[in-house]
Amino acid sequence: MTDVLDQSTPVTYAGAGGAAATANIDNPSTTSGLSARAKLVLFLLCAANFMVAVDFSILNIAVPSIGKDLHIADADLQWIATAFALPSGGLLLLSGRVGDLVGRKKVFVAGTVLFTAASVIAAVAWVPAVLLAGRALQGIGAAMIVPTGMALLTTSFPEGPQRERALGINGTLMTVGFTAGMVLGGVLTQALSWRSTMVLNTAMGAVVLLGAPRLLTESRNPHASRLDIPGAVTVTTALLALIYALSTAAQAGFGRADVIVGLFAGVALLAAFAGIESRAAEPLVSLRILRRRTVAIGNLGGLVTFACMSAVVFLGTLFLQQVEGMSPTLTGLVFAVMGVAAALGGMLAPRLIGRFGARATLVGGLLFQGLLILPLALIAPGNGTLLLLTVGAVAAFGHLAAVVSYGVTATSGLGDTEQGLATGLVTTSQQVGLTLGIPLLSAVASARSDSLRSAGHTAKDALTSGIQLSLGTDGVVVLVAAALVWFGLRTRAARR
């Protein structure tokens, strides 16, 4: 089969077990035009992912208000985000596999019902325990929605221009949703209250539930007959341990006993998971598919681009509010400009992939992102807003090009029976990146800030220096990832 990474014009394929149904949603030719029904399916699936992305960030700016309203101590505010991140990142692979077995549409709809109901619980929370329970249930719902929604998308649109266009729109809305969550969180919290952000999630969930039963066609892997219980328990526990440890380290440092135990346990469980999967008859994650460079290297690029751009948004928010003294609403509007630039990157990405190939577009997007994050290390009082509105916005453009092309790279050349696993890995990279990027780079900033405060610097100067160091580290990490992706996929192309 002609490889999408090596050709300027990708090709369609005929996957097993459902390829005919996939082709029927629209003309199976390589033209990128979509029928009316295909557009509705695309809108529905993108709306669900947009809803999850908004929820991931919408409470970031509202956290101080929640703390005052529900009397949550400053040291415990991180759990508002962590309660969502733990299940949403830890249960993705398991949810994707369950969707392969029992039906992706069933799991997608069930996850949307759970997410919507949990948003109601969070909206009416009267004590911290109820809010955190609602956030945890939202995370479980998100873990069910994202991998099954992505698998439904890739099996609904044949490989080639149609899928690239669909992934481009979906990737754009995911990043725009994250940015829109920042904007809406600031506006709604300041105009109404933080509870209104959860009401918004409830409304979006209701819209998705109105259309999903009528528009979506059931999809499953006909060759999957049982669930890999040992693998599912091991990898889920490993991800939960790592996410907990890194989220806690961002607030309390890496010296705490529970952080150290969580990191070691996570790494040990991942090693055990690899051993289990190598012997399982029907593994949760096939090591064979991970040996495909397109899958492994593509997901590496996706994890890094999401981790590092989400950290830029978080650190930029911290700088604008705590150093520049900007209001939540104005802070959200600054990031709205980055969202517009990201949307443009997502719109142009399919054309770039068609012209230059997914590998070149992925590397180019990472280079754009990394090179334009580096100048943000010069951020200081007086120039921060301008830097974020200019070079930060262009970095967001490159980020979306990388997002779309990594999705194409990591799912290309695979039949429908492997799409659930492939898209589960894609969405795991995405969610784990969003979850880990902020605590890791926040820990860098915190360590630098604490050191300077101990040396007698003012709190504002120490915070600024910590953010500068963290943003510089962020840019370097993206550039290293770009080099790894280029050489990793270049070696494969040369062998072909």
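**Entry: a pocket**

I looked up the second largest pocket in this predicted model and got a volume of about 730 Å³. A pocket here is an open set of points on a 1 Å grid over the protein atoms alone, with protein on both sides within 12 Å along at least five of seven lines. Volume is the space filled by probe spheres set on the points, with grid points joined across faces, edges and corners. The idea is simple enough: rolling a probe the size of a water molecule over the atoms shows where empty space is left.

Which residues lie nearest the centre of the second largest pocket? I noted Leu239, Leu303, Thr428, Ser429 and Val432, out of 29 lining residues; a lining residue has an atom within 4 Å of a point. Elements giving two or more residues to this lining are α10 (229-252), α11, α12 (287-290), α13 (293-322), α18 (416-454) and α19. Helix α18 gives the most, with eight residues. Helices are DSSP runs (H or I, at least four residues), numbered from the N terminus.

**Entry: housekeeping**

Because the model is predicted, I kept in mind that local features need pLDDT of at least 70 and side-chain atom pairs count only at pLDDT 80 or more, while totals for chains, interfaces and linings use all residues. Residues are numbered from 1 along each chain as its sequence is written, and side-chain values use heavy atoms, with hydrogens and water left out.

I picked Val444, which sits in helix α18. Val444 is partly exposed at 26% relative accessible area (buried is under 20%, exposed over 50%, partly exposed in between, with a 1.4 Å probe and protein chains only).

Next I checked helix lengths. The 23 residues of α11 (residues 257-279) should span 33 Å at 1.5 Å a residue, and the end C-alpha atoms are 33 Å apart, so that agrees. The expected span is 1.5 Å times one less than the number of residues. Buried residues in α11 include Gly262, Gly266 and Phe273.

For α17 (residues 391-411), 21 residues should span 30 Å, and the ends are 31 Å apart, which agrees too. How many residues of α17 are buried? I got 19 of 21, so mostly covered.

**Entry: salt bridges**

Side chains of opposite charge can pair when their charged atoms come close. I searched the whole structure and found two salt bridges (a side-chain nitrogen of Lys or Arg within 4 Å of a carboxyl oxygen of Asp or Glu). In one, Asp69 pairs with Arg195, closest N and O atoms 3.3 Å apart. This pair links distant parts of the chain, 126 residues apart: Asp69 is in α3 (residues 63-70) and Arg195 in α9 (residues 195-215). Asp69 is partly exposed at 38%, and Arg195 is partly exposed at 24%.

Asp258 and Arg256 also meet in a salt bridge, 2.6 Å from N to O. Asp258 is partly exposed at 24%, and Arg256 is partly exposed at 39%.

**Entry: Leu42**

Buried or exposed, I wondered about Leu42? Leu42 counts as buried, at 6% relative accessibility. I found Leu42 in helix α2 (residues 36-58). Leu42 and Leu153 are 111 residues apart in sequence, yet 7.1 Å apart in space, C-alpha to C-alpha.

Notes: 1 Å grid on protein atoms, 1.4 Å probe; cavity = no way out; pocket = protein on both sides within 12 Å on 5 of 7 lines; lining within 4 Å.
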